[in-house]
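This report walks through a structure for a reader who is new to it. Please look over the sequence and the model before reading on.

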Amino acid sequence: MINTPPSDPATTLEAAPGTHTMLQRGLGVGSIVFMVVAAAAPLAVVTASVPIIISVSGSAAAPQFFLIAMVILALFSVGFTSMSKYVPNAGAFYSYIQRGLGRHVGVGAAALALGSYGVMLIGLYTYLGVATSKLLTAVHIGIPWWASAIGWVCLVGVLGYRDIELSSKVLGVLLIAETLAVVLVDIGVICAGGAGWSGGEGGLSLVPLSPSEFATGAPSLGLMFAFFCFIGFEATAVFRNEAKDPDRTIPRATYTAVVFIGLFYALAAWAVVEGLGVDRAVDAAKAEPENVVQNLASTYVSPILTDVIQVLLVTSFFACVLSFHNVITRYQFTLATKGLLPASLAEIDERHRTPSRSSLVFTVISLTAMVAVAVIGWDPITQTYMWFSGASTLGLIALMAMTSLAVIVFFRTQEHGASLWHTVIAPGLSFLGLTAILLLVIKNFALLVGSTTTAVVLGGLIAAIFAAGVVVAERVRRRRPDRYRALVQDN
């Protein structure tokens, strides 16, 4: 007998005791795509990450790294979206891993996901605070980074408390603006040379897309850093309970997000290489990575665009933190409905129809973290941002690999009507690809976080968070067997 997908509880049940209304169900494909693509911070990636990828790989093949990452994540999306019909709640990684690999591993994954997204957001806040202070300094307004960061936390808190569609509209406007800035640079490079359209530094070429160029330098490092730029696309499933038609909206939003991000980054990376000149791209990226794209904007478009990009970089990071704040809020909400977090986090605001209590709680956590970092005296970039973003990346890639494995196990143990491609081949290929990326991250973790000692500490912390989740699951099994059994129910 075919296992038919259960009905979506968000349309039939209250979220938790004490809830008097249901989550808003107004998000379409576009709104969800705006939020997850904004989490990827396209302008920040192009201006900051692309030069780093060219530099660390020692190769002009940056476009290929993004395309390979896109293919791996597209394969991941095949199984991810196929299983979504059978996991109709907004737990994302937690829900999938639990259904495929069991309750203990699932709760461990829930702890790891919440911890990974949480520390990533804290790191992004510190980076945003620094970027804002630098921008204000340029106009002779001196504000310390922590004050700027606290201001952004408060603004995100207000938007996160309100109607989710308000956040999606704000993110949509900011995303369009930063996307246009990158597109203008791309067009400027491609159309350089006037009517002759020779393009770039010395004429356009396909060398960055050639196998021989890919084989030069350290392609594994380039691929690893390119993969980091996609973190956040998987959050489409977190908004399932607020989507108009989740069984159709979530798969479409997931595929749209990963393909758009991949092609957008690949084109931008190609334009950057062509603008610098294929033969001198690596040296130029190593010499001045922080100003590569701004210099291209000034050379190929207008000096005015350089100033615009400086402003949009700040708004790009703001869009990123707003998006991740909404993701964490929904994660906490779902875990609270399962009894794994305090029930108050599952309360839904009657007016805004959002998990506003969950949003408020993480806003307070974020404010406390900003004050703590400032008081301790950690450098907001070289320590806080580098440590936290590296740790979260390791955790999230591990979760993706586990999710792919969970998809395979789930469909092997359940009767279904899905094809072999959707249930074994695509998830299997993505599991192999993600495992390879995970091993690369582990091998180069010290490079990501700054030192071997820091890598050992953070790696141990990540393992401890996962283990703590497993311990919680065992305690629930022993002390509250009814709640333990309810973990696999779709509510």
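## Around Phe66

Leaving out its neighbours within four places in sequence, Phe66 is in contact (heavy atoms within 4.5 Å) with Val50, Ile53, Ala226, Cys229, Phe230, Gly262, Tyr265, Ala266 and Ala269. The model is predicted, so local features need pLDDT of at least 70 and side-chain atom pairs count only at pLDDT 80 or more, while totals for chains, interfaces and linings use all residues. Residues are numbered from 1 along each chain as its sequence is written, and side-chain values use heavy atoms, with hydrogens and water left out.

## Nonpolar cores

A nonpolar core is a set of buried Ala, Val, Leu, Ile, Met, Phe, Trp, Tyr and Cys residues joined through side-chain atoms within 4.5 Å, where buried means under 20% relative accessible area, exposed over 50% and partly exposed in between, with a 1.4 Å probe and protein chains only. The largest such core has 153 residues, of which Phe66, Tyr265 and Tyr331 touch the most other members. Helix H13 (residues 303-337) gives the most to this core, with 16 residues; helices are DSSP runs of H or I, at least four residues, numbered from the N terminus. A second, separate core of 5 residues includes Phe333, Ala336, Ala346 and Ile348.

## Cys191

Cys191 lies in the loop between helix H7 (164-190) and helix H8 (211-214), and with a relative accessible area of 27% this residue is partly exposed. Between Cys191 and Leu420 there are 229 residues in sequence and 45 Å in space, C-alpha to C-alpha.

Conventions:
Helices (H or I, at least four residues) and strands (E, at least two) are DSSP runs, numbered from the N terminus.
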